[in-house]
Amino acid sequence: MSDTATVPEKQVDEALQLIASAEFAAVSAVQRWLRISFRDANAILDELEQRGVVGPADGSRARAVYVRRCEQCGRIGKRGFQTIGGDEQSVTQCAARAACRKRWPKPARDDD
């Protein structure tokens, strides 16, 4: 029987947001961020591994993260991102103009 059945989808989605933002996936980190049990945090990372978001477990090391999050529009994906700025203040954004709605918003329309 799989442990992922006991973990709500809402928690998996929240963990995905946090992992993509931090670009760090460790069971203990997910446990602290979501304030859940170690077993549930491990089940969440196993589910995200099956989805191709994070890499396999490697002992006590953090798992590899295969997705990134745009800090402008919140999109999460594997491709199409660029990092702008230096090491201290870098920002991850969508590389394609059409992919990021907040950087290039549609012009306001007059529908009177």
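In helix α1, Gln11, Glu14, Ala15, Leu18, Ile19 and Ala22 meet Val30, Trp33 and Leu34 of helix α2. Contact here means heavy atoms within 4.5 Å. The residues of this contact divide into seven nonpolar, one polar and one charged. Ala, Val, Leu, Ile, Met, Phe, Trp, Tyr, Cys and Pro count as nonpolar, Asp, Glu, Lys and Arg as charged, and the others, Gly among them, as polar.

This is a predicted model, in which local features need pLDDT of at least 70, side-chain atom pairs count only at pLDDT 80 or more, and totals for chains, interfaces and linings use all residues. Residues are numbered from 1 along each chain as its sequence is written, and side-chain values use heavy atoms, leaving out hydrogens and water.

Two packed helices are described by the angle and the distance between their axes. The axes of α1 (residues 9–22) and α2 come within 11 Å and cross at roughly 115°. Axes are lines fitted to C-alpha atoms over the stretch in contact, with angles from 0 to 180 degrees between N-to-C directions.

Confidence comes next. The protein chain has a mean pLDDT (the predictor's confidence in each residue, from 0 to 100) of 83, and 81% of its residues reach 70 or more. Helix α2 (residues 27–34) has the highest mean, 96, and strand β4 (residues 91–94) the lowest, 78. Helices (H or I, at least four residues) and strands (E, at least two) are DSSP runs, numbered from the N terminus.

Now to Arg63. Arg63 sits in the loop between α3 (38–50) and β1 (68–69). Why does Arg63 count as buried? Its relative accessibility is 8%, and buried means under 20% relative accessible area (1.4 Å probe, protein chains only). A polar atom of the Arg63 side chain lies 3.5 Å from the backbone oxygen of Leu45. Beyond its neighbours within four places in sequence, Arg63 is in contact with residues including Asn42, Asp46, Glu49 and Pro56.

Conventions:
Buried < 20%, exposed > 50% of the residue type's maximum accessible area, 1.4 Å probe, protein only. Polar contact = N/O pair within 3.5 Å; in protein donor to acceptor, adjacent residues only side chain to side chain.
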